[in-house]
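These are my notebook entries on a few points I looked up, taken one at a time.

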Amino acid sequence: MLYGNYPATVDVKGRLKVPTALRPFLDESYGPDFFVTSVDDARSVRVYPLPVWREIADKLGKPPSFSRAKQKLLDQTTYWGQVSRIDSQGRILVPAKLREPAGMLGEVAVLAQSNRIDVWNDERLREHIKGQTLTDEDLKELGELGI
């Protein structure tokens with residue numbers, strides 16, 4: 001499982017340097033291929049190991065075909081997404097279309113989220129977190145989930 005916040009960089013060619021602490025787990029558990037996309041209209045970048053994305057895509061490929069939520073997710077991930085292979089220096093290419101709107105240049109925050117990584121422009125992430133304070137309703141829902 002992947003957890004934690006790791007500082008990283010995206011170079012001028014749009015390559016995310018995957019933090020060294022995450023690479024052995026990703027290599028051993030999933031291999032070199034990733035699906036790089038966004039699910040929040042390019043506010044951030046989501047990097048799925050390709051086997052994880054395939055499981056999600058299989059579920060999305062099943063009925064009901066008229067689900068609006070399903071279509072919204074497919075539209076977002078397809079528009080922004082691209083398969084990328086980690087190179088020998090541990091870099092993953094962020095799709096060109098996604099780089100500028102997501103603020104992917106220079107220092108970024110890599111959030112290890114169980115079976116994927118989320119990449120944020122650090123300043124944008126701090127603003128996002130400020131707006132995500134846990135409410136009493138959130139805590140109740142988490143309690144119902146056994147957390």
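Which residues is Val47 in contact with, leaving aside its neighbours within four places in sequence? I list Phe34, Phe35, Val36, Ile92, Arg116, Ile117 and Val119. I note that the model is a predicted one.

Entry on Val47. I placed Val47 in strand E4, which spans residues 45-49. I recorded a relative accessibility of 3% for Val47; the cut-off for buried is under 20%, so Val47 counts as buried.

Entry on Asp118. I found Asp118 in strand E8, residues 117-121. Its relative accessibility is 6%, and Asp118 therefore counts as buried. Not counting residues up to four places away in sequence, I have Asp118 touching Val45, Arg46, Ala109, Val110, Leu111 and Gln113. With Arg46, I noted a polar contact of 3.0 Å between the two side chains.

Entry on helix H3. I took H3 as residues 68-80, 13 residues in total. From first C-alpha to last, H3 reaches 18 Å, close to the 18 Å expected at 1.5 Å a residue. I looked up its buried residues and found Lys70, Thr77 and Trp80 among them. They lie on the same side of H3, because they cover an arc of only 130 degrees around the axis. On the face turned away from that buried side, I recorded Arg68, Lys72 and Thr78 as exposed. As cover for the buried residues of H3, I listed elements including strand E3 (33-37), helix H2 (50-60), strand E5 (82-85) and helix H4 (96-102).

Key
Residues numbered from 1 in each chain as written. Predicted model: local features only at pLDDT ≥ 70, side-chain atom pairs only at ≥ 80, totals over all residues. Heavy atoms only, no water. Helix = DSSP H or I, 4+ residues; strand = E, 2+ residues; numbered from the N terminus. Buried < 20%, exposed > 50% of the residue type's maximum accessible area, 1.4 Å probe, protein only. Polar contact = N/O pair within 3.5 Å; in protein donor to acceptor, adjacent residues only side chain to side chain. Contact = heavy atoms within 4.5 Å. Expected span 1.5 Å × (residues − 1). Arc of directions from axis to C-beta.
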